[in-house]
Structures are given as structure tokens and as C-alpha cells.
Amino acid sequence: MATLETALIVEITLRTLAICGAALLVSLALGLPLGIALGRRHFGGRVALVSLVNSGMGAPPVVVGLVVALLLWRHGPLGVLHLMYTPVAMVVAQIVIALPLVVGITLAAVGALDEDWELQVRTLGLPPRWRRGLLLCEIRLGLLAAVIAAMGGILSEVGAALMVGANLEGETRVLTTAIVMYVGMGEYEMAIGLAAVLMGLMLVLTGVLTAVQQSGRR
Amino acid sequence: MSGAALLSARELRVERRSRRGSFTLQIDALDLRAGEVLAILGPNGAGKSTLLRALAGLEHPARGAIDSAAAGPITLVFQRPAAFAGSVAHNVAAALLGRGLERAQLERRVREALERFEIASLAPRRAHTLSGGELRRLALARAFVLAPAVLLLDEPFDDLDASGQASLSLDLRRAIGDTGVAVAMVTHDLRRALLLADRIAVLLEGRLAQIDRRDSVLEKPRTPEIARVVGMSNLVRGVVVAAPDGGRRVEVDAHHAIPVRTALETGCGVWAGIRPEHLKIDVGRGGSGIAIGKAVVRSVVDDGVAASVALAWAGEELHTHLLAGRGLARSLEPGALVVLAVQPEHVHLIPVAEAPRAAG
Amino acid sequence: MRLRCIDMVATAAVSLLLASSGCGEGSGKLLLATTTSVRDSGLLDTLVPVFQERTGIEVQVIAVGSGAALRMGSEGNADVLLTHAPEGEQALVTSGAALSRKPFMENYFVIAGPAADPAGVGAAASAAQAYQRIAAAGAAYVSRGDDSGTHRREQALLREAGLDAEGGWPGFARTGAGMGITLQVAGERGAYVLSDLGTFLAFQQHTGLAALSKPTPDLRNVYSVLRIDSARFASGINAEGAQRFEDFLLAPDTQQRIAEYGVERFGRPLFRPLLLRE
């Protein structure tokens, strides 16, 4: 038990990548268009929606975990889905945590554009799909910041992951929850090994994304 | 020189409501003709930008229509052109995205547009690193790459120094001639307008006060307000009287009169307008025109290109221009007494209280 | 293969934590290592204030897994242990890290599960037999899997039942998390689970699980207090404080308190004191 079990570390890491990757992709797929839409248009309830997004960004992840748990557990409104303590529940919780981050940062990036930028592109007579492409290109830096922030938040989340996933071996055990477990068990070798993997993952992913982000500035 | 009307506005009415209040733009008739530049002048808040945006199709008119007989797009170049992330070449190419052009064709058109405005050497530069003048050229290249039928320009010479303005206007003039595009240009600066204008439209309080060939508007403004907008800064009130030699004069006061050529009745109250360039300081060499009396020099402002002289005459302040650095500009001092002269045909008369009418 | 340097880093980290919270020297502070189930039972919340008021010694309670608590003791990172893992405790005494082991209270583990009891655990004569039935039925089962006292007992029972100590039948899940979460997962899945009494009662309403096992000898859970040998470790062990704490736990009035604990909250006591004269 006091050994570094490589196969186990690999299994936990792959699962972490799968769950966090899925959450990240969904958050981006939902959050980027939402952030762009909120950033451009000015409509009636916009201020209210933006404050909601900002509150979401600041919401403690454990609170999110609790809310999701209350929704998904047996006696909760979505209990019939039997999603509690499954990877799906963890993905859901992570999406709820990351979505406000993506929306908030994206809408800030869009809002930083000149007021008539949109108008100027429109008067060029470009078809809508290309207008969107130009917009994405323009806010590229902000978008990548959103991705990095969301990824960081998702990968490092432990409280909510534990609450809705329960760290079940072979099912919902990810790097963060495993680290907590091994420390609690006094198995520091494994804990440090997993922590090293997690840090390495973060550094590599963030490094790659930052390189992409900064390459756009040259 | 005027070609077919490529864009026509008829009975146009645009209403805007802002925090400051409501504003209505009302244009009875306006045409933009191929190969011709219409400069739209007017004080701030007159509705110039609104008119331009309406012509671009960005406004929802409450009434009226804008018809386009154009075979190509109507393109608006903004006062502060947007520089997209990427190279200058990409910025110009962006305008052609999604139109199904072949790559070779697209590159050729981009190159042509860049060369038109002499920024082909800037093609690989990041658009964000361009200077103000370079950015303006980029915006124009981007507009021309679309092969527009109608080009609408909002302050195209903003941020440019005198030589920049001169060189850009040359390139623009050439491009307009080459492509036969109909151009409308909005500016608050008369001199910049005159760099390109074939016709001038003066907008006052949302209405077309006067629209005519450039020289007609400059020399024959219909109202004092229009006169001020087109730079006829010398405007004095007077009465038409008979001159001793059988002609007419405008009597400003007991001691000051200006000789004029007019068919107006004597006793008619008028504004007499003289463009500064037509008001001469008589140095006794002749050819300046008929003397209209003495004036005291109030100030001489020399900007290296021209010297602007303010003079006190008949209780009014008149202005004239002298070539900088030349004899008179150098020697004239405030307080000096000079003789003013003008050619009668250069004095434009506006009968008092004539309603302004637009002419096509 | 034990990596010594990682061992030392871990020790250093924990020592730093402990050192920063005050020196163990003198009677000022007492570091008590115990298990999460003991902490979650709430017993210490009742006893520790009494001890502190009486002796003026501030008690710092560190609740970790049973294995981790024993390890803290063996490395001199705690002054006194309150655990319920007899074999591990015995080893500590044998090695000399602990001066003594004094059992002072007990209760019984409970095998809980769905009220319908499809595997028939309620009819089993012993815990080992209960496990045989569960395995035979291939029923859903959730284990703590965290090397805690409860987990070790579970492993012992599985071995006694002739089964793989890691379970092995489909439906066997391991949380590696605390008792509470493990119970919740069992409740959510309608699975069987081995739990300490206190936590089970605390979560019963929430999980909807029923206590199915009888208090058979193999489910007996004995709690002991161990004093760590101060002579062995360079970092100051509060030997005096440990002694006073042990005396306190063994004292008649404390034993009486233990006998009564839980009645108000659960309607029945959680523990049975071992030293109370009837």
C-alpha cells in the first residue's frame, strides 16, 4: 500500500482528463456563444444577467457542489435520473462552476471592443458566419484567458467533486479527490505522486494555451 | 464630369431620439453620381453623420426611400477605422471573406487595393502597429477592394497632417477616377472638403440648406449661415443704393460702401459677403479691385502656409489671406492702416430674410 | 519500496504544521490523534471541554484515518491516540512507540443496508456469514477503502468469510472517503455497508438505510487510549498532558458521561464504557 502504483495513477489521471475535459468542452461550447451574445447586445435584462454571471464567477465551488448534490440525490427533484455519485454528476457540477467564468471573461473581452467595431464589420457586407469568425479572431486573447481560467478551476476542484462523486474507486476517483484520500490515509507517497501529476498537467496545459495566446500577439 | 446617379435619396425622413432630445433629418432629394465627390458640410449636430449612415442603410427612415441603381456595394468608411487582429493584407482580404473567391483572385484584388493607396509595402505589418495616416489608407484599400459603386467617407482626412492630406486626396482622386465610384464625404473642415469636393451639400439643423457645384456654393451661398459654413467669413449688413457711376453699391454706414454688380432694387437690405481670398489689401500696384476704404490691422497670424489677417473696417471684423513669408505678410503689423479693395463681381449679395431653398 | 526521502518530507511537513501550532513541551497543549468516526460521533465535543476546564490543557484534536492516526503515533507526531484498531495499537506498544494501551469504551459495528434486505443479512448468525450472503447474492456494497478502523474490520471480516479482502464481487465499490459519504453512497444505491454506530445513526434519516446486523462478537469495536513515549522522540511529547488525559478518560465521572452520550440525540447511547462499575 505504501508504493507508487503507476497503473493506478495512470487510471486516475485518464479519468480526470475525461471528466474535466468533458466539463471544459461543454462549458466552452455553451459559454463562449453566451458570452459573445451578452457582450454585444444591450437589452432590457442585461444588467441583471451580467450580475448573475459575476456572482457565478465568485460562487464558492463547494456551494455549487452542495446545490448540485441537493438536486441530484435520491430525494431531490432530479433524483429519478440516478446521477448521484456518477461521473456525469461531477461533469455537471464542474460545468456549473466553470460556465460563469467562461461567460464572464468572454463578455468582458467582447465589451472591450470598440463600440462600432460590430457596425464596421457589418458594413463590409460579410456573411454572418464570417463576421463571427472575425469576432472570434479579434477576441482571441480574451477567449484563451477564459479557457485557461475554466480549465484551472475545473482541474483543481475538490470539494464539489467529492460531494457529488464520492471518490469511488474505478468510477469517480479523480486526481484531487484521490490526493485528499491518500493524505487522510497517511499514504504520502501516493499523494505526492498524484499531486505531481496534477501540477504537471496544469503546467503543461496552461503552458500550451499561453503559448498559443501569446503567439497571436507577435 | 458628373455621371449617372448611383444612389438617390427621396423625401427621406430619419428621426433619432437620444438623451439630449430628438433630432429629425429631412432630405427632399439627394443624388450621388458616378465618379463624383459630394462633400457634406455643416456645423456639429447638423446631421451629417446621420445622413451618411442613412445613405449606408444603417438607419430606419420614418419616411422616404433610398434607391440604389448601383451595380456594386455601398461601402461606408468610418471616422475611426477598425484594425482587425492580423496583418494589413489580412485586414483588406477580410472584406472579401466568404464570397467564394478563388485564392489567386483574392490575392490579386488585395494587392491591387493596397497598391492603389500605396501601402503594398505594409502588407505583412500588424494592423495595430499602423500610424493614423497608414490606418486611413488601409481603411480605404479595404473599401475599394470590394469594388464599391458608392463610397461613403466619414472624416477621411482626420488625424492627417497637411502633406498627408494632400497625398491621400491625390490617391483617392485617382482611385475615384479609375473606378467611377460615387462618393459622399462628410467633414466639418472646409479645407479638407475642398481637397476632393466636386459638389457641396450644406446641412443645417437636419435639412439640406444648399446643394450645388462646389464653386457655386462657395461663391454664392444662399443664406448667411451657409456663407459661414463655406468660409465666406466676411459678411456685413448694408443697403443697396445707387452708385455715382450708375452702378450699385452696398452702403454699410455713412462712410463705408462696397461696389457691387446686382439686379437688386435700391433700398433692398442685404448681407454682402466677400471670401477672404477675394478681399485684397491695396498696395498701390493695381489689379486688386475697387477700393472700399481704410482698415486697421487687428492681428496677423502666420502659420507658415498662409497669413491670416484680421482687420477692423466699418465697425466689423474682416479677414483676408496673404501668402506667408512674402513682403506684405512680413511687414504688416497690428495697428497698421491699410486700404482694402475688392472686385465687384466677387461681392455676393444675400437679400435679408430670404428663405433657404435646396437646389439639385 | 519505501522511499525514505519522501517519508522525511512528509514527516517534516506534518511536524512543521504541528510545531507551528505550538510546542508540545509542558502542560500547555495536547495533541490528540483520533479517527474520523470518533470525531464525527461528537463524543469529543462533549468530553474535551470538560478536560480543558479541569486541567487548563488545550487539546488539539486531529481526526484522520485509523492508519494515519497510528502512523502519527509511531512517528511521534501526536501526544496521545484515541483509536479503535487493536492490532495496530498492539504493534505500537510492542514497538515501544506507545507506552500503554488502555481500552476504555466499546460499541458494535453495524452492517446496514436496504430495508428490504435482499441478501438476507438480518438472518445471518455472524458478520462473516452476513458477508458470505452478500457476496453470494452479488449485492451492491460500499466500502470506505481508506485504511480506517472500519475498513480494517471489514477486511478482517471478509477474510474470515473466506472472501477476498478487497471484495471482488460485482457491485463492490470503494469510496476512499469518510464514513458519511460512504453511507450516503450506500443509501443512494440501496447498497450494504459496514459502519460505526455513531455515524450510522447520524446519517440514518438521510440515507434511509436499516441496521441489519446483530451485535455479534466479530463486530465488537473497542476504543483505546494510547500514550506516546516522550523519551523516544526529539520533538517534545507532552507526556504529562497525555497521562492526565488518559486518567480523565478512565475516571468514573467521564465513564458515566460516556454511558449517557447519544441518548439525547439518537435516543440511545452510542458507546458502552468499559470501566464503569454497575
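Reply: Residues are numbered from 1 along each chain as its sequence is written, chains are lettered from A and ligands numbered from 1 in the order in which they are written, and side-chain values use heavy atoms, with hydrogens and water left out.

Me: How do you know what confidence the predictor has in chain B?

Reply: The term pLDDT is the predictor's confidence in each residue, from 0 to 100. Chain B averages 88, and 97% of the residues score at least 70. Over residues 355–360 of chain B, however, pLDDT stays under 50. Where pLDDT is low, the predicted coordinates should not be read in detail.

Me: What makes domain 1 and domain 2 of chain C domains?

Reply: Their bounds come from an automatic or database domain assignment, which gives 12–106 + 221–273 for domain 1 of chain C and 108–219 for domain 2 of chain C.

Me: How do you know what area these two domains of chain C bury between them?

Reply: Buried area is the accessible area (1.4 Å probe) that two parts lose on being put together, summed over both. For domain 1 and domain 2 of chain C, this is about 1300 Å², 59% of it on carbon and sulfur atoms.

Me: How many salt bridges are counted between domain 1 and domain 2 of chain C?

Reply: A salt bridge requires a side-chain nitrogen of Lys or Arg within 4 Å of a carboxyl oxygen of Asp or Glu. The count between domain 1 and domain 2 of chain C is zero.

Note on methods. Predicted model: local features only at pLDDT ≥ 70, side-chain atom pairs only at ≥ 80, totals over all residues. Contact = heavy atoms within 4.5 Å.
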